[in-house]
Amino acid sequence: KQEMLQKKNAVLVDGVILNGPIMDSKAGEKFVEEACKIIMEEVVQKADDVTEKVCEWQAPEKLKQILDLEMRDNGECHEKILQLCRDVIKYSVKTNHPRFFNQLYAGIDYYSLVARFITEALNPSVYTYEVSPVFLLVEEAVIKKMIEFIGWEEGDGIFNPGGSISNMYAMNLARYRFCPEIKEKGLSGLPRLVLFASEECHYSMKKAASFLGIGTENVYFIKTDERGKMIPEELEKQVQRARKEGSAPFLVCATAGTTVLGAFDPLDKIADICEKYGLWLHVDASWGGSALISRKHCRLLHGIHRADSVAWNPHKMLLAGIQCCALLVKDNSGLLKKCYSAEAAYLFQQDKFYDVSYDTGDKSIQCSRRPDAFKFWLMWKALGTTGLEERVNRALALARYLVEEIKKREGFQLLLEPEYANVCFWYIPPSLRKMEDGPEFWQKLHQVAPIIKERMMKKGSMMLGYQPHWGKVNFFRQVIISPQVSREDMDFLLDEIELLAKDL
Ligand code: ABU
């Protein structure tokens, strides 16, 4: 400050020197360089190393102490901050580890990772062409290609922060088509709107119905068959019931790849019913949409071209990096924009010097929006469609391998033959194997998966999820996604469960 004051042109306002920047760019650049080195060594280079731990479990109170979470009046030196970065990495779950099977995402894709580094560094917001020329064109190109895979001749779309948001967009869009005056007039005067989704649908349907003022009681859940698929005859019965009640059915949400069982609803038959009753058909293909890329497995989504909207998350099976979620809409007459636009004059001026149809941000309910399509685009450019297809085919082949191994091993019991990459099974430990089938057996089995899960996390050897589901006691859900995963990891998974549960 003294140095600056001695310079003859120092300008002070309210005691603040305004000459020159207040950031030390050189020190900042060095910090970024060193932090990138840590990211390379501790995250990227360890991503395929099975000798590393998947997680370094600590109870919350202990982790709070380790991390020194308090933010103080004075900043701390770079050395300390770099150590914090190392600690953050150490105690975070390594979702890119070949033995992370816990969620519907896993693994590392190097191209999408670099795309994320680029966008983090550039810090764009995707609303107008003037601030995001590249990312807007990329989004348009990606949406066009996804639409081709759905089988529509034309369409529209927008990337959103999560499949739940895409589902909410679709619900609101369907309602807007049903009663366009809602945008200005609001909810008063509307009939009781009813939508339909299967019992196995994602919980975002309830959230969206609640958030949009439709009400969770007006989501009619449709019975599923033993494989978790919506039963079309049950759907038709419920549509007729809603009509008899004097309410207004407007939307069917089918699921392509349910969260727990990985089931695909029969889209063609559901589309027949939607056509018959004039209902919007939305397909939540957040998880299963990526099967469209595979010539071998795209039949799972047979009939999807008849949908009015589709939610598809390339961050799941295709590893595009969280979050990468598109809502795709068959309508190409501007419905999306009509429904969502608010025409802010400070962003979407109509007298700009370029073609303002590229200012697509007003199709979104967001203002600031991340360039999520870019990571998918860079990865797609690098791998080609055949590279993406290979990923899907391999993940599903590994799932088949695991299923066959489960069938061979004593103590493992498959819940059902999977259609996709969710392999659901019970592990029956030695002490329960001779027990008679009955309430006591199931009550005891219910306690097994949580114990094994605790042990695997405390050891850090792997992570997979468990849950009870529709009257079925806790079972494991193994999800296979990452191209870093191999047959050996499938064998390890089964061996490790046996090892962790040998005294149970
Ligand atoms: N949107 C569903 C994600 C939850 C899961 O990974 O199971």
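Me: Is Phe-353 buried or exposed in this predicted model?
Reply: The model is predicted. Exposed means over 50% relative accessible area. Phe-353 has 82% relative accessibility, so Phe-353 counts as exposed.

Me: What about Tyr-354, buried or exposed?
Reply: The cut-off for buried is under 20% relative accessible area. Tyr-354 has a relative accessible area of 16%, so Tyr-354 is buried.

Me: How do the rings of Phe-353 and Tyr-354 pair: stacked, tilted or edge-to-face?
Reply: Ring centres must lie within 6.5 Å to pair, and planes over 60 degrees apart count as edge-to-face. For Phe-353 and Tyr-354, the centres are 5.3 Å apart. Their planes stand at 85°, so the pair is edge-to-face.

Me: Which residues do ring pairs link into a cluster with Phe-353?
Reply: Tyr-354 is a member. The cluster also takes in two other tyrosines, Tyr-129 and Tyr-358.

Me: How many aromatic pairs are there?
Reply: The pair of Phe-353 and Tyr-354 is edge-to-face. By the ring-centre rule, the count of aromatic pairs is 19.

Me: What kind of pair do Phe-412 and Tyr-427 form?
Reply: Both residues are buried. Their ring centres are 4.8 Å apart. The planes lie at 55°, so the pair is tilted.

Me: How many residues apart are Phe-412 and Tyr-427?
Reply: Phe-412 is in strand S11, residues 412–414. Tyr-427 is in strand S12, residues 422–427. The pair links distant parts of the chain, and the separation is 15 residues.

Me: Which residues does Ile-452 contact, neighbours within four places in sequence aside?
Reply: Ile-452 is among the residues with the most contacts inside the largest nonpolar core, which has 110 residues. Beyond those neighbours, Ile-452 is in contact with Tyr-427, Phe-476, Ile-497, Leu-500, Ala-501 and Leu-504.

Me: How many residues are in the second, separate core?
Reply: Leu-173, Ile-182, Met-205 and Tyr-340 are included in this core. Its count is 31 residues.

Me: At what angle do H15 and H16 pack?
Reply: H15 covers residues 448–459 and H16 covers residues 487–500. Their axes are 10 Å apart. H15 is roughly perpendicular to H16, at about 105°.

Me: How many charged residues are in the contact of H15 with H16?
Reply: From H15 come Ile-452, Arg-455, Met-456 and Lys-459. They meet Glu-496, Ile-497, Leu-499 and Leu-500 in H16. By class, the contact has 5 nonpolar residues, no polar ones, and a charged count of 3.

How values were computed
Residues numbered from 1 in each chain as written. Predicted model: local features only at pLDDT ≥ 70, side-chain atom pairs only at ≥ 80, totals over all residues. Heavy atoms only, no water. Axes fitted to C-alpha atoms, helices over the stretch in contact; angles between N-to-C directions. Helix = DSSP H or I, 4+ residues; strand = E, 2+ residues; numbered from the N terminus. Parallel < 35°, antiparallel > 145°, perpendicular 65-115°, else oblique. Contact = heavy atoms within 4.5 Å. Nonpolar A, V, L, I, M, F, W, Y, C, P; charged D, E, K, R; others polar. Core = buried A, V, L, I, M, F, W, Y, C linked by side-chain atoms within 4.5 Å. Buried < 20%, exposed > 50% of the residue type's maximum accessible area, 1.4 Å probe, protein only. Phe/Tyr/Trp six-rings, centres within 6.5 Å; stacked < 30°, edge-to-face > 60°.
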